[in-house]
Amino acid sequence: MASNRLRLAAGLAFAFVPFAAAQPTIDWYTIDGGGGTSSGGLFTLSGTIGQPDAGAPMSGGSFTIVGGFWAAGSPIPACVADFDDGSGTGTPDSAVTIDDLLYYLTLFQSGSIAADVDDGSGTNTQDSAVTIDDLLYFLQRFQDGC
């Protein structure tokens, strides 16, 4: 009878060893849904709907992207080469067409401050002067489709 108790105690002890030795783990994953891919010119951006993987900014070259919720009221940057919708009024239409080129060239030729799109740094920073740097920057952005 003592040996049966010993066997029972040993069996119970070994039965609980795996539970005591096992370390719980929580695997990292996200649950995302929807979304898709947007592209224009040389750039493509893929994303999902919901809470993207928020974290530190990711950057490469002169580009930076930050994951997380959209900040309220953040404006979407306009395309520098989108100057006119064909109406001749300087109304952008979210498309880069020959109308944009013709309208910009008219502004540039007249020396209009509206043609000030770059200070020579290639960063779309205005300097309150219409120079060849503005024309070159606009033509590059027009060629790239913005």
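Close-up 1. D134 sits in helix α3 (helices are DSSP runs of H or I with at least four residues, strands are runs of E with at least two, and both are numbered from the N terminus). This is a predicted model, in which local features need pLDDT of at least 70 and side-chain atom pairs count only at pLDDT 80 or more, while totals for chains, interfaces and linings use all residues. Residues are numbered from 1 along each chain as its sequence is written, and side-chain values use heavy atoms, with hydrogens and water left out. D134 is buried yet has no salt bridge. Buried means under 20% relative accessible area, exposed means over 50%, and partly exposed lies in between (1.4 Å probe, protein chains only). A salt bridge would need a side-chain nitrogen of Lys or Arg within 4 Å of a carboxyl oxygen of Asp or Glu. The nearest side chain of opposite charge belongs to R141, 12 Å away (Lys and Arg count as positive, Asp and Glu as negative; His and the chain ends are not counted). Leaving aside neighbours within four places in sequence, the contacts of D134 include Y104, A115 and D116 (contact means heavy atoms within 4.5 Å).

**Close-up 2. Helix α2 and its buried face.** Look here for D100, L101, Y104 and L107, which are buried in α2. Seen down the axis of α2, its buried residues fall within an arc of 130 degrees, so they line one face of the helix; the arc is that of the directions from the helix axis to the C-beta atoms. What covers these buried residues includes α3. On the other side of α2, you can find I98, T106, Q109 and S110 exposed. After α2 comes G111, with a positive phi near 80 degrees.

**Close-up 3. A meeting of rings.** Ring pairs join F83, Y104, F108, F138 and F142 into a cluster. Rings of Phe, Tyr and Trp (its six-membered ring) pair if their centres lie within 6.5 Å; planes under 30 degrees apart count as stacked, over 60 as edge-to-face and the rest as tilted. The structure holds five aromatic pairs. One of them, F83 with F138, is edge-to-face, at 5.6 Å centre to centre and 80 degrees between the planes. F83 lies in the loop between β4 (63-65) and α2 (98-110) and F138 in helix α3 (residues 132-144), so this pair ties together parts that are 55 residues apart in sequence. F83 is buried at 12% relative accessible area, and F138 is buried at 0%.
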